[in-house]
Structure formats: structure tokens, C-alpha cells
Amino acid sequence: GWRMYRLGKTRIADALHITGLFYLVACAAALACSVLATTTFPYADESLAAADRALGFEWLALHVWFRSSAIGSSLLIAAYNALNWAPQVLIVLLCALRSREVAFRFLTAWAVALVLTVAIFPLFPAIAAFHFYGLSPDMMPGQTATASWELPEIMDGLRSGANRTLGRSELTGIVTMPSFHAAGAILLLWAYWTFKWLRAPSVVINGAMFFSAVPVGGHYLVDIIAGLALAVLSI
């Protein structure tokens, strides 16, 4: 990116610059979560599930629908996985169309949201709704969040000190509360709103991504409510 700035290719330079910062922040947050997972706070799954019930939400009822609807589950899984590519596409579009201020504003809000997620995470360690409700991968349609299925083993190893090496599995999503998938969906919707021609598809994709965090990512409903609040605060 620095070289492209020197050559006067500002839009390419901005895209490389912001992309580099984006992944630097992401890696730093993942490392920080793995370190902070050593907290001695008890698992919060029981409290999170109780909060869902207090809101009148039944997680297993949603799971029954999710498992029975082939089309609905496929669309939600695709929307959930959109977090892997939607931010990068957004950055390229913003830089290519000379909206560098919006791109940097998006990056800043994204970084703030990650910092807040990292700060809140050790207070509410959890092993995800999948495990709390006794589900297994073969009870789910399609490929749901891999990291969530491995979460108890990863968290127990980090918390006990048995796992002293950070590998790829530890540096994936281990945060249940708050849901960064939900926060990311709101942040992406906010930034994509810059393009009038992308507003409608963005509402559909990011709206689905927001709600997919529950059945696909194994989050509790209160996790995505917290993610929504976190995104609004970051913006």
C-alpha cells in the first residue's frame, strides 16, 4: 500500500492499506480472546439461556424449524458465512469509488466493536447453545459454525492451562457473548448503505446474517441483542 501511494495509485493504496489494518485488528482480537479465555469466571450458559427464556424465546423451538426447513437453513448458513467475504468486498468498493473516508470510518467502527467484544468476552465465557442443549453436528442441516462445535474442548484447554499453544482452532470464533456476527452484520449494513444500488440486497444479506448467529453460530438470543447494542455504540 505504501508503494502504491508513492506511485500515485491512491485507490489501490487505500484498499491495500485498509485491508492490512482490517486483518491486523482481526488477528490481534483473536489472540486477545484466546489469552482472556483463561478467566476464572464460571461458564455463563445457564444465565444466558435463562435470559432468553425471560424474553419468551425458546432456542430449541427455533432449532426444530431450522432443522426442518432445508431452504431456510441453507440461506441462513450462506448468510452466516458472508462475514468471511462481505467486509473485503465493501473495502474494495469503497476505495474504488473514492469513498475512502467511509472506508476508514467503517474500519474504525469495526475495530472499536472488536475491542468491546474482547473486553466483554471474559466476563461471560460460554460453550454455546449447541452444547448447552445437548445437540450434535449430525442433528444440524448443512455445515454450521465449526468453531462452535469445538468450543468446549478449546475453552476447557485454555482455561485449565492444558493448551499452551495457539493454533488455527484457537484463533477462530470462541466468543459467545456478545455476538460479533450480529455486530458485524449491523456494521456492514451501515457501511453498505453508502451505495444506493446495494441497499436492498444489503438489507437481505446482513439481516439474514444477523439472525443466523442463533441457529447457525450457536448463539443465544441475548448474544445478538448485545451485538446489536455493541454495533450501535461503535458507530
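1. A residue is called buried when its relative accessible area is under 20%, exposed when it is over 50%, and partly exposed in between, using a 1.4 Å probe and protein chains only. Ala 128 is buried, with a relative accessible area of 1%. You will find Ala 128 in helix α8 (residues 128-132). Although Ala 128 is not a glycine, its phi is positive, about 80 degrees. Helices here are DSSP runs of H or I with at least four residues, strands are runs of E with at least two, and both are numbered from the N terminus.

2. A word on the model before we go on. This is a predicted model, in which local features need pLDDT of at least 70 and side-chain atom pairs count only at pLDDT 80 or more, while totals for chains, interfaces and linings use all residues. Residues are numbered from 1 along each chain as its sequence is written, and side-chain values use heavy atoms, with hydrogens and water left out.

3. Now to the helix pairs. Two packed helices are described by the angle between their axes and the distance between the axes. Each axis is a line fitted to C-alpha atoms, for helices over the stretch in contact, and the angles run from 0 to 180 degrees between N-to-C directions. Angles under 35 degrees count as roughly parallel, over 145 as roughly antiparallel, 65 to 115 as roughly perpendicular, and the rest as oblique.

4. Start with helix α4 (residues 59-68) and helix α5 (residues 70-81), whose axes come within 5 Å and cross at roughly 100 degrees. The two helices, α4 and α5, are therefore roughly perpendicular to each other. Trp 65, Phe 66 and Ser 68 of α4 make the contact (heavy atoms within 4.5 Å) with Ala 70, Gly 72, Ser 73, Leu 76 and Ile 77 of α5. Sorted by class, the contact of α4 with α5 has five nonpolar, three polar and no charged residues. In this scheme Ala, Val, Leu, Ile, Met, Phe, Trp, Tyr, Cys and Pro are nonpolar, Asp, Glu, Lys and Arg are charged, and the others, Gly among them, are polar.

5. Helix α5 also packs against helix α12 (residues 199-212), at an angle of about 100 degrees and with the axes 8 Å apart. That angle makes α5 roughly perpendicular to α12. On the α5 side, look for Leu 76, Ala 79 and Tyr 80; on the α12 side, for Ile 205, Ala 208, Met 209 and Ser 212. This contact of α5 with α12 has six nonpolar residues, one polar and no charged.

6. How do helix α6 (residues 86-96) and helix α11 (residues 180-192) cross, and at what angle? Their axes come within 11 Å and cross at roughly 20 degrees, which makes α6 roughly parallel to α11. Ala 86, Pro 87, Val 89, Leu 90 and Leu 93 in α6 meet Leu 188, Ala 191 and Tyr 192 in α11. The contact of α6 with α11 has eight nonpolar, no polar and no charged residues.

7. Helix α10 (residues 151-160) has these buried residues: Leu 151, Pro 152, Ile 154, Met 155, Gly 157 and Leu 158. After α10 comes Gly 161, with a positive phi near 90 degrees. In the loop between α10 and α11 sits Pro 178, joined to Met 177 by a cis peptide bond with omega about 0 degrees.

8. Finally, the cysteines. With a disulfide taken as a pair of cysteine sulfur atoms within 2.5 Å, the count comes to zero disulfides. The sulfur of Cys 27 is 12 Å from the closest cysteine sulfur, in Cys 33, too far for a bond. Cys 95 is in no disulfide either, as the nearest cysteine sulfur, that of Cys 27, is 19 Å away. At 2% relative accessibility, Cys 95 counts as buried.
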